[in-house]
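Thanks for making time this morning.

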Amino acid sequence: MPIKIRWTSKEYFGSGLLLLGMSGIFQLFFIFIGQYLLAMGNHIIIVLIPIGIWVALFYAALIIFESYAQVERREKLRTRFLKSKIKSSTLKRFLSIPVTKPLLIIFIFFNFFFFIVFFISIVFYDNTIAFLIAEILSAIFCLLIANLIEKNYGRVKRY
């Protein structure tokens, strides 16, 4: 995990706030899923656990964002004087926004692991415990995926 993250500089402060807000909105979505679709009644598990998961998802998104930013800085230094490509597809322009890749990676993996773990654990436990197990294990998997991306793709230099 990166030790030095440049979030107090002008360049990354707005991106950090976007990552924090989108992680919060994503967890708000899971609060609604837990409360209305899964018929959860325990407010401690519905509200307090997603707040902790929100922080974990934010940290995972920060790690992935910093990995991609490190690679982008390295590429800018290598290809400083090349012509920029003007035409690109809509998907490539959408993915070129620096915040979208980390959020998409985190959201896809969290949803995938959440629903798999929830439906497996609902067989053995009730709704409340299954929701709790699914949220915590999905957040741990997202942190592991962020660490894997940092190690294999980003290779962030440690200071």
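This is a predicted model: local features need pLDDT of at least 70, side-chain atom pairs count only at pLDDT 80 or more; totals for chains, interfaces and linings use all residues.

Helix α2, residues 43-78, and helix α5, residues 127-154, pack at an angle of about 10 degrees with their axes 9 Å apart, where axes are lines fitted to C-alpha atoms, for helices over the stretch in contact, and angles run from 0 to 180 degrees between N-to-C directions. Helices here are DSSP runs of H or I with at least four residues, numbered from the N terminus. Because angles under 35 degrees count as roughly parallel, over 145 as roughly antiparallel, 65 to 115 as roughly perpendicular and the rest as oblique, α2 is roughly parallel to α5. The contact of α2 with α5 has 22 nonpolar, 4 polar and 3 charged residues, with Ala, Val, Leu, Ile, Met, Phe, Trp, Tyr, Cys and Pro taken as nonpolar, Asp, Glu, Lys and Arg as charged, and the others, Gly among them, as polar.

Residues are numbered from 1 along each chain as its sequence is written, and side-chain values use heavy atoms, with hydrogens and water left out.

How do α2 and α4 cross? Their axes come within 8 Å and cross at roughly 135 degrees, α4 being residues 100-124, and that angle makes α2 oblique to α4. Among the residues making this contact are Ile53, Leu57 and Phe65 of α2, and Lys101, Ile105 and Phe110 of α4, contact meaning heavy atoms within 4.5 Å. By class, the contact of α2 with α4 divides into 11 nonpolar, no polar and 1 charged.

Turning to the aromatic rings, those of Phe, Tyr and Trp (its six-membered ring) pair if their centres lie within 6.5 Å, and planes under 30 degrees apart count as stacked, over 60 as edge-to-face and the rest as tilted. By this rule the count comes to 11 aromatic pairs. One of them, Phe113 with Phe141, is tilted, at 4.3 Å centre to centre and 35 degrees between the planes, and it links helix α4 to helix α5 across 28 residues. Phe113 is buried at 18% relative accessible area, whereas Phe141, at 31%, is partly exposed (buried means under 20%, exposed over 50%, partly exposed in between, with a 1.4 Å probe and protein chains only).

Phe114 and Phe118 form a stacked pair, 5.9 Å centre to centre with 10 degrees between the planes, and both are buried.

Technical notes: Helices (H or I, at least four residues) and strands (E, at least two) are DSSP runs, numbered from the N terminus.
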